[in-house]
Amino acid sequence: MNLNGEKVVLTAINAKYIHSNLAVYSLRANAGEYSDQVGIVEYTINHRKEEILQAIYRCSPEVVGFSCYIWNIRYVLDIAADLKAIHPEVIIILGGPEVSYDAPRVLEQNPFVDMIIQGEGERTFRRFLECYLNGDDAGGGEDYGSIPGLCVRTGGKVRTAVPAQAMDMDDLVFPYHAAEGMDNRIFYYETMRGCPFSCSYCLSSIEKGVRFRSLPRVYEEIQFFLDHRARQVKFVDRTFNCNHKHAYKIWEYIWKNDNGVTNFHFEIGGDLLREEDFALFEKFRPGLVQFEIGIQSTNSKTIQEIQRRMDLPLLAKNLSRVRQTRRIHQHVDLIAGLPYEDLASFRRSFNEVYAMEPDQLQLGFLKILKGSYMEEKKAEYAIAHGNQPPYEVLATRWLSFDDILLLKWVEEMVEIYYNSFQFQATMALLGQCHDDAFTMFERLGTYYDENGYFERKHTRISRYEILWDYINTYFAEQAEEFRQTLTYDLYLRDYVKNPPSFVRKRKPEYVEAVRSFLDGQAKKPDKLTGYDGFTSKQLFHMVYVDEFVLDLEYLMERNKIRKVSPYSLVFDYRRRNPLNNSARVIPLDAGWSAVDG
């Protein structure tokens, strides 16, 4: 907390420390002459509620605003209620998607909340500050109720004004003017509001039309992030490339002004990419940008029902082309619980998307968001969902709760064994041992459940050991091949000084050959770079060298096993792949040492 006696405090409770909250920064930046009387505090849902309450109370604010989302609303309401109890004079204002679309009900059910900003809040918040700080509304609250976009409680009754008028994007003040306290955090940024699509599960579909910030303004603001060498900038724009020229020009600027550090994240429509986009992508530094692509389902009836537009064959082709550049990380989303998607249909969707080989595949579950068209249709779809945020689906006309539980297992197995990048070769080989990808993760989940592994906490090494046990239970005849892939995956991530049981101990003569090789590299490096000044003894504990008889690159690229003559690999941890953080792997010629394989 870094406050200087401001009367108004905007509070963000984020999901993680590295996140920042664009909403509160934008409200303050756009408060005009009142911005210096607005303070910002940010916490996470991992903070104790008592800690947050005490910190806010000690600031003695007159007004406290909270940014509300499905992941923090319970925290916010609990803290706000306690704050009102110990500081009755404080004005509590809520805003954000979790309260915007049902503001009167929220006020009626939570008497400690005084006002709710509905929808786009910058003008509404500034008008509130003007009234409050100038004393215009000292007479009892009537003027607040006339502020567009503000829902207030007046005289025991809830009063809602007309909606606030949508702003011209160029009228918005850039929210960040100093990077103090933002080291190693993610900056959230927007160049457009609205979405051209009308997906029934999404709140972005409510606003019709799309508004864009002018490119000169965007260039200037991107340069701020580049100059401050921000770790990551996440564009919150929905379907960033819905306007091709707008997207291409921004990508081009980022490429031309790349600082070698900053990563830019975009949510895009994969089927909207054009030829000139691919030509530009070939020029990108690996890791300069990353894409999030929402496929959600490959069931055509489901896609039609949720009012989504998508050319799936073209999307699959474009994902493959982006992957082939080896420059851009691709994160793809699926949603379980959508209409007309039963377990068999979801299995097909999963397998079809998995075959596209995204870097990460997020299996999410439908959330019934307030104000969305999906909420209106939930009775027709027989959707049962959680009563509390995040209102996640429990069952539908097409999926039972048992089906949902099974998909939860699959989700966790995908997170552990696919999205972590820690089991790349092993999962490629394991995929050949199952009928399809979904079955592979389903069987892994069943194995976890049968052995009680879901109820325990696990270290990184124990995840490898569990997978090794699973392999020996069902695929013992291929244990030697899996021993090599697991060893490769283990050391691809980090040097493990106390390896698990499946790692064969290197023979003494091989270890001596490794020492001899590293001695040569210390004196005259031709394979290892960036280790100047280190002795061979030090190098022995900084890089790992081992021998294999499987062509592991071929396995991952072709999903086929190919045995070769014994060869050695050097795992270089100082030069990692920016897309997955794996060590650089240096193959050595067969004659690198005199050791007989």
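Glu89 counts as exposed because its relative accessibility is 62%, and exposure requires over 50%. The model is predicted.

- Glu89 lies in the loop that runs between helix 3 (73–86) and strand 4 (91–95).
- From C-alpha to C-alpha, Glu89 and Val63 are 8.9 Å apart in space, although 26 residues apart in sequence.
- Asp114 belongs to the loop between helix 5 (103–109) and strand 5 (115–117).
- The side chain of Asp114 has a polar contact of 2.7 Å with the side chain of Lys84, and the Asp114 side chain also reaches the backbone nitrogen of Ile92 at 2.8 Å.
- Leaving aside residues up to four places away in sequence, Asp114 touches Lys84, Val90, Ile91, Ile92, Leu107, Cys151, Val152 and Arg153.

**Nonpolar cores**

- In soluble globular proteins, nonpolar side chains tend to be buried together.
- The largest nonpolar core comprises 141 residues, and those with the most contacts inside it are Trp251, Phe350, Tyr417 and Phe441.
- Helix 14 (residues 401–417) gives the most to this core, contributing 8 residues.
- Another core, of 28 residues, lies apart from that one and includes Ile13, Leu77, Phe112 and Cys151.
- The residues touched by Trp251, not counting those up to four places away in sequence, include Phe240, Phe266, Ile268, Leu273, Leu280, Phe281, Phe284 and Phe291, together with Asn241 and Asp277.

**Helix 1**

- Helix 1 (residues 22–29) is mostly covered, with 6 of its 8 residues buried; these are Leu22, Val24, Tyr25, Ser26, Leu27 and Ala29.
- At the start of helix 1, a side-chain oxygen of Asn21 comes to within 3.0 Å of the backbone nitrogen of Ala23.

**Helices 7 and 8**

- The axes of helix 7 (residues 215–227) and helix 8 (residues 244–256) come within 11 Å and cross at roughly 35°, and the crossing is right-handed.
- Helix 7 contributes Leu215, Val218, Tyr219, Ile222, Gln223 and Leu226 to the contact, while helix 8 contributes His246, Lys249, Ile250, Tyr253 and Ile254.
- By class, this contact has 8 nonpolar, 2 polar and 1 charged residues.

**Gln232**

- Gln232 is part of strand 11 (residues 232–235) and counts as buried, because its relative accessibility is 11%.
- The side chains of Gln232 and Asn263 are joined by a polar contact of 2.8 Å.
- Besides Asn263, Gln232 touches Arg185, Ile186, Phe187, His265 and Gln290, with residues up to four places away in sequence not counted.

**Backbone features in loops**

- Pro389 and Pro390 are joined by a cis peptide bond, with omega about 15°, and Pro390 is in the loop between strand 16 (384–385) and strand 17 (393–395).
- Tyr391 is found in the loop between strand 16 and strand 17, and its phi is near 55°, a positive value in a residue other than glycine.
- Tyr391 is buried, since its relative accessible area is 9%.
- Asn581, in the loop between strand 19 (563–576) and strand 20 (583–588), has a positive phi near 65° and is likewise a residue other than glycine.
- Asn581 is partly exposed, with a relative accessible area of 40%.

Notes. Residues are numbered from 1 along each chain as its sequence is written. This is a predicted model: local features need pLDDT of at least 70, side-chain atom pairs count only at pLDDT 80 or more; totals for chains, interfaces and linings use all residues. Side-chain values use heavy atoms; hydrogens and water are left out. Helices (H or I, at least four residues) and strands (E, at least two) are DSSP runs, numbered from the N terminus. A polar contact is a pair of N or O atoms within 3.5 Å; within protein, one must be able to donate a hydrogen and the other to accept it, and residues adjacent in sequence count only if both atoms are side-chain atoms. Contact means heavy atoms within 4.5 Å. Axes are lines fitted to C-alpha atoms, for helices over the stretch in contact, and angles run from 0 to 180 degrees between N-to-C directions. A crossing is left-handed if the near helix is turned anticlockwise from the far one by less than a right angle, and right-handed if clockwise. Ala, Val, Leu, Ile, Met, Phe, Trp, Tyr, Cys and Pro count as nonpolar, Asp, Glu, Lys and Arg as charged, and the others, Gly among them, as polar. A nonpolar core is a set of buried Ala, Val, Leu, Ile, Met, Phe, Trp, Tyr and Cys residues joined through side-chain atoms within 4.5 Å. Buried means under 20% relative accessible area, exposed over 50%, partly exposed in between (1.4 Å probe, protein chains only).
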